[in-house]
Structure formats: C-alpha cells, structure tokens
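Have a look at the structure first, then read on.

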Amino acid sequence: MTDVVVVESPAKAKTINKYLGGNFTVLASFGHVRDLPPKDGSVRPEQDFAMDWAADDRGSKQVAAIAKALKGAGTLYLATDPDREGEAISWHVRAMLEEKRALKGVKVRRITFNEITRSAVRHAIEHPRDLDQPLIEAYLARRALDYLVGFTLSPVLWRKLPGSRSAGRVQSVALRLICEREAEIEAFRAREYWTVEAQFTTPAGAPFTARLSYLDGRRLDQFDLNEEAAALRAKAAVEGGQFSVTSVERKRVKRNPPPPFTTSTLQQESSRKLGFGAQQTMRLAQQLYEGAEIDGDMVGLITYMRTDGLQMAREAIAGIRDHVHEAYGPDYLPAAPREYATKAKNAQEAHEAIRPTDVSRTPESVARHLNPEQRRLYDLVWKRAVASQMQSAELDQVTVEVASGGVRLRATGSIVAFDGFLKLYREDQDDSEAEEEGRMLPPMAERDPLDRGDVAAIQHFTQPPPRYSEASLVKKMEELGIGRPSTYASILSVLQDRNYVRLDRRRFLPEDRGRLVTAFLSSFFTRYVDTGFTASLEEQLDDISDGRIDWREVMRAFWQEFSRAVDQTKDLKISDVIEALDQDLGPHFFPPKADGSDPRACPACANGRLGLKLGRYGSFIGCSNYPACQYTRRLAIENGEDSGETLREGVRALGHHPETGEEITVRRGPYGLYVQQGEPPADPKQKQRPRRTSLPRGLTGEAITLEQALGLLSLPRLVGMHPETKEPIEAGLGRFGPYVRMGSVFGSLDRDDDVLAVGLNRAVDVLARKLASVRALGPHPKDQQPITVRKGRFGPYVQHGQLVANLPRDVAMDDITAEQAVALLSEKGKLLKPKGGRGRKAEKPAATLPAGERRRRAATGAAEPAKATLEPKLPAKPKPRAKPKKRAKAKKRVIAKLSAKPVLDMKPPRRKAAG
C-alpha cells in the first residue's frame, strides 16, 4: 500500500519524490485548485458570508489525478507550503476530494517543512498534524474581504469615475501612499541655504577640510546663511582669522550586523543591490527553495521565503558559527550566538528567517548549478545569514574643532578599526553615508596651529522627499502594518498592470488615472483608504489566525459599515464628483505659471475657465464655455503645459491637398482624433463623404504635419514586392491598428513601427512570423480554391473558403495533409447540411381539398381520395447536429481511415437507387 503526498509545484514534487522512495506517490496541485468565481454572489453577506467555490479545468484535472492515486492508499499527506495560503490549498484539496468521495478509508494528515531537505521531509512525515482551522478561517476572511471590496467598490468607480479599472482593500491604500508622496513633492518649495568650508593644513603638512559651525559666537542653523550676501560675510570672517585646534574628540562605536532576511527585507535589499523587482525576487526565491540538482541529487538551497520571522534553527546557527570560525578565525566569532526579534508591526514569526539550508554550500560551490539571477540572489541570502552571526564592526569616529575668536569650524571623520561582519557583507547605503564613513582625518592635538588655505561659500537648495522605490514602499507598508509580506509583490504588480502607477528610474510615479481614483476614494470612502483602519483590520485578521476571534464577527462588523458607505454614493451626482476631484487635484493639473498668469485660463477662447471634466471614455480637461469652445486637453501634463491630444476648437487646419486643393484638417470625433480631406457635401442627400482616417498611436493632434496627414489619407500604400513570391506588400491602418498585407495574409505592426515609413525588410519579417501560423495545403479538388491550416484561439484548424474544421487533438498542425483536410471539411459540411435538402428549409405539406370539393364529390358519388393524396407525407425531419464529442470521434475515425488507406484509393459510397 502506497501513501499519497500532495505539494504545490511539480519541481517540489520531483525533489520530494526522490527523498521518499517507492512507498509514496508525490503529486502537485499546481497552486490553488479552486477559487471564488469572478461574478456577483460568490460571497453572500445575507447568508452569513456563505461562499461559492469553483474549480478551473487545471484544478479539476489535478484533483482527479490525486483521487485516482488514492485508490488503495492508506494516508493522504497534504504537504503544501507552511503558511496561510498553503493551509488554504490543503483545505480546498481535501474538500474537493470529499465531494468526489475519494477519501473513504483514507487518513488525511497535514505536514509542513521549512526547508526541502531529506531530513526535514522525513521529520515532517514522522510528525503529522491536522489542518489548522483558525488559519483556514483567516484565509476565508481575507478572501471574502478582498472579494467584497473589489466587487462592491469597483462598480461604484466605473459608474462615478469613467475610465477607472478597479479598487482593492490593500492596493488602494498603497496607491494612496504613492499619490500623497507625489502631492508632497508638487507642494514642495525649495529653500536656499549656504555653507562655508575652509581648507587647513596641520603642522605636519597634512590637509583636511572643516565646515563653519559658529559665527560671532552663535551656533549656525541650516537657514541662517540663506542668501549670498550673508554667506560672503561669513566667508570674509573665516578668511580674517588665525586658527588653531581647540578640541579633538575620539570615540569608538560598534556597528552590529543586520539580521537574516525576512520576505520584506529580502525584497528591499534585492531591489537596492541587484535591481530586481519584488515579483522577480519572489520567483527566484521560490526556485531556490524548491531546489536545484547538485551532484545528482535534488536539494533545496534556502528555507521558506514567505516569512516575517528573524529566528533561525539552533542547528543552523551552530553550523554558521562553525563556518565563521573556520573561514575567518576566532576574532570574527562573537562569544554567544546572536538572537534577533522582529520590530515589524503585526509580525507573526511563524517561520524561520530566510537562510541557506546548508551553510557549507557556499555561493562559489553551487554557482555552476544555477543561472546568473539565481546565483546573485543566493549569494545575497547566504552572505546576509552568515554575517548575522559574525562579530560587530568597530569604527573610530573623530571630531575636530578649530577656532579663531568667535568663528568656529568643525571636521568629522571615521575609520574602520575592526571590520567584523563588514568583511563579508555591507547593507546597502547612500553614497553620502559611504563618503562620510570613509573620510579620514590626519593626526592632530589640541592647540596645534593650523595654516588656512582656500575658503569657499557653497550654495545649496533643500530637496523634496524622494519618490517611493519598490524597496522603500515595501518598507513603509511593513512599518504601517498594511498587508502581509507575501502580498507586497502582487500589490505592486497590480498597481502597474492597471496603469495606476509606472516605474520611472526605479521610482513609482502615479499616473493621472491613479490620482483620480485616490482622490475619489479619499473624498467618498475616506475610512477604507486610511492606513490606520487597514492596519487595524490586519491585526483582527491575525487574531483570527491565532484563534482569538471569530472570523464572521469581523466580517459582520466590516460589512455593516462598508455597505452603508456604498449605499450613500447611490445618489451621488457626477457634478459632486467633479467638484471634489477638481478641488483636490487642481494644484496638480493647474500648477502656478512662471509669468503669474491664471493657469486655468482657456488658451482657445481666452475668457473660458479650464476645469476637470468626466466623459464617456474617462477624464479630461475642458473649457467652461463648451460647446461654443471645444478646447480639450488630456490629463497627462508636463510642467503645467499642454501636451498630448490638445485640439483647440475641435478642428485644426493643416493645409491643402497638393492635387485637389481640398483643405486637410485634424478633428476630434467621438472615438478620438482623425484627419479629413475636404468637407461633407452641402446637400445631405448626396452620399459622397470626405476621406477620413484615424490618427495612429503616438501621433497627436498638435504635432501632426500636413505631410503626415497626406500620408495617412493615402493609405494603404505599396511597400514593395516580396523578394520570393513577387506579390505586392501593402501597409495600412485598420480598426485594430497599423498592419502590412500580402494577398490574404495580414500582419500587425508593433507600436514602435511607423506605418508611413515601414520598409520592405520589416514588412517581410512581420509577414514571415504571420505565415509561420498559416500553412497552405493546396487547392481543393472541387473548386481549386486554396486549403490552409491555421493556428486559432482554440487550436489548429483547416479552412476552405468560409468552411472551417478543427483538427483532432492528436493530429499536429504540421502533420495534416491535403487529403486529410478535404475529408475533415467534407465531414464538417455533412454535419452542417440537413437531410431535407441542400441547406434549404423542408417544404410545407400541401393543403387538403377544400370543403366545397369534398361535398361535390360526395353528391356525384366520386370516391374519396386516398389519405396520402389529401395529406401528403411530410419530409423526414433533419437529424440534430452531432454533439461536439461525437464530432471529435468522427474526425478521429476519418483520420484513422486516411492513415490506414490513401484517400486517392477510396471509392465514393454507392447510393441506393431511388424508389
């Protein structure tokens, strides 16, 4: 009897299968096997938060494979990841198996391991447990909360704020942090200040630099020298003095090593040191956790990577200390092991910190088994874990003060007296800090006379707070207790996917769409984008996972207030939304101009006032004199100037056509900007319309030239002749964007391609990729029209004219022949034709004899016509179309026959003689 072990990924299953041997069958669930269907009603608050779950095809397939493996098994071990999501996956797998009645006589046990090593897996098998119900309930609460917020709040956004995508419980708070930081930067006004520095030389001839700190016996604050005149007076005071050393202060300080990585600190340091995004970091860490093949054995290289704990196993600490003693000597080993405690809010510390599973596997020894990205991340994890158990670094900090009367200057520096853990690892830091740390001062003593050199007055300006990077945003969210470390990567990804923010030089910059959403939520759902409320909700969810509170109580309290807030927006007018957004975002969209003029003055009509407008397709800037003035502007701005699809009065004249003399204009229509040649006829009965074409992506109404407009109006244009087929290739603009065409083959151009300038080489390359998905099989024997096999959304298919037939699943696109294609198309044609005729409706039965005729025949004694004469026999009803399964079987039979016997040798079926 074999037991069954279920893990999440096939890579993990492969590794564990080698550890457990033939008495176990290890299968993967491929993550979650079911989820809440993305539709209304999946969570029902009125039924005490009952939930409907649905499995996709992949989940059903994996559970079916597990159920099949359980036949004859004694125990099912659920070995998914050791966190809340892993517990939830195990719960779903068990529930689906119970629905299939596949667990009769089978024990179900839960096992977890923090590292994928032979000893850890064996230990888990020997110490199983039951499913953690409080942890499952915490998952249910989180899933219900995210669903209810998303499916309740997002429709409100769509109705009241056109162009918005969605809102989320945690993502909206993270978006607010980014937008508020951007508002701080926009509101920031730089302040000027000056510093004075002087060069000095010691009696031994060693130079150093000191900065003015006291003037006229008074300590200088940052803005005391706020203009050039004051700085020059201070400079003159320094130049007129005779300086000597008044004090030398030396102090030795210790710098302790940073703790081993948690999920969030790994994401932060990976971003700073390696330039990896949060998603990329977690993907690589997952690969290192699941293992690599080393010396013929699959082994996990790091411990579980979703954790907020800082502790390490005793055996791991002992192994690291032994390695430090051997590799660096006893001076680098502290007297006692270092113990770390997390300072993060809401930390659960359920798992170990991220560390190497075996410290003897140094980055150098495993490098050849990893790809470059895996190697860099493993090197980071290994060094951080080892450094956390090394001796502190010691630095000598020196502060020297020099004076002359009431003028005093200060010089500071530090040197590393003992490198300690810095020998192996340095936490990322700013360049200014690195300079300060490495600055050394020459030896000197009190009352030493000094020779003064050059004196400089240096101008400075205060700097705005920096935009959030991935690392700093994750750090901020962790400090506030928003979300969980395992969700940070997906939150940042969602914000970018919905075009709410973008990364610019590795810093988050909010898009106008994101700022509008934040302003709307802050105005009408203030509580639910508040960091304090979100953090307190996270604490309640953690209480659920610890079994201290019932999850439905938390849900009831949340839903009562949340649903009331949503109901209050039902009567909200669009004008109220516009007013709130315009007031909140006015400084952003209409920043002060350098010349002092009104930033809201309409540049088209001069007397109109610009303001935020909400249209069918989203938000824009418009004039208050609409419709008399049709000036509009996109929301995206740079330095407060117009940019993008700006079009004054709705029409802009570009010039005249060189041949016809008709005026060429660019106009704004309901579906965007377009160019037009001429004007519509005065008589509306005339059907002739002016030639028009839409502007392609990247071309704006203000930037387009007459030459470009003429080129667009002349599309499609001839690019050239194909070098092999000698067929003409054309470039044009269609409803789905720019394209190139050769005969019946179309290929879409990329965003970077200019449809007016694309050359023959590029067009041939695009068509070659398109032709790779289409293969000609030859002419059809009936009408000599071409038969092709193509790749479709639902698999490959053959096509002849308007008739298409899907290929059977076991027949590859490259293997189908013309004869097989003809047979498939013929079979499809038969299924589409009713037997009553050639695609026509069956004729209605003839009418019976009229009543007068029947009475005449009865009076004359004429025989009653036969029933068949009075009521002709109805034609047979066509058989219903074959079901998809039968069609697939029919196709397979056709292919099988064709494979067994050439089509050319097959005789047509004999027809029975009529009558």
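The crossing of α16 and α19 is right-handed (left-handed would mean the near helix is turned anticlockwise from the far one by less than a right angle, right-handed clockwise). Keep in mind that this is a predicted model, where local features need pLDDT of at least 70, side-chain atom pairs count only at pLDDT 80 or more, and totals for chains, interfaces and linings use all residues. Residues are numbered from 1 along each chain as its sequence is written, and side-chain values use heavy atoms, with hydrogens and water left out.

**α16 with α19**

- The axes of α16 (residues 512–524) and α19 (residues 574–589) come within 10 Å and cross at roughly 125°; axes are lines fitted to C-alpha atoms, for helices over the stretch in contact, with angles from 0 to 180 degrees between N-to-C directions.
- Helices (H or I, at least four residues) and strands (E, at least two) are DSSP runs, numbered from the N terminus.
- That angle is why α16 and α19 count as oblique to each other (under 35 degrees is roughly parallel, over 145 roughly antiparallel, 65 to 115 roughly perpendicular, and the rest oblique).
- On the α16 side, the contact includes Asp512, Arg515, Leu516 and Phe520, and on the α19 side it includes Asp576, Val577, Leu581 and His588; contact means heavy atoms within 4.5 Å.
- Sorted by class, this contact has nine nonpolar, two polar and four charged residues (Ala, Val, Leu, Ile, Met, Phe, Trp, Tyr, Cys and Pro are nonpolar, Asp, Glu, Lys and Arg charged, and the others, Gly among them, polar).

**α5 with α16**

- The axes of α5 and α16 come within 12 Å, crossing at roughly 110°.
- α5 and α16 are therefore roughly perpendicular to each other, and their crossing is right-handed.
- Leu153, Val156, Leu157 and Lys160 of α5 touch Val517, Phe520 and Leu521 of α16.
- That contact has six nonpolar, no polar and one charged residues.

**α17 with α18**

- For α17 and α18 (residues 551–567), the axes come within 9 Å and cross at roughly 160°.
- That makes α17 roughly antiparallel to α18.
- Phe533, Leu537, Gln540 and Ile544 come from α17, while Trp551, Val554 and Phe558 come from α18.
- The class count here is six nonpolar, one polar and no charged residues.

**Cavities**

- There are three cavities of 30 Å³ or more. On a 1 Å grid over the protein atoms alone, a cavity is a set of points where a 1.4 Å probe fits but cannot get out, and lining residues have an atom within 4 Å of a point.
- The largest cavity has a volume of about 90 Å³; grid points are joined across faces, edges and corners, and a volume is the space filled by probe spheres set on the points.
- Its lining includes Val149, Leu153, Arg169, Leu521, Phe533, Leu537 and Phe558.
- α5 (133–160) and α17 (531–545) each supply at least two lining residues of the largest cavity, and α17 gives the most, with three.
- By class, the lining of the largest cavity has eight nonpolar, three polar and one charged residues.

- Most residues other than glycine have a negative phi, and most peptide bonds are trans.
- Phenylalanine 30 has a positive phi of about 55° although it is not a glycine, and sits in the loop between β2 (24–28) and β3 (43–44).
- The bond from leucine 715 to proline 716 is cis, with omega near 0°; proline 716 lies in the loop between α20 (706–713) and β25 (717–721).

Technical notes. 1 Å grid on protein atoms, 1.4 Å probe; cavity = no way out; pocket = protein on both sides within 12 Å on 5 of 7 lines; lining within 4 Å.
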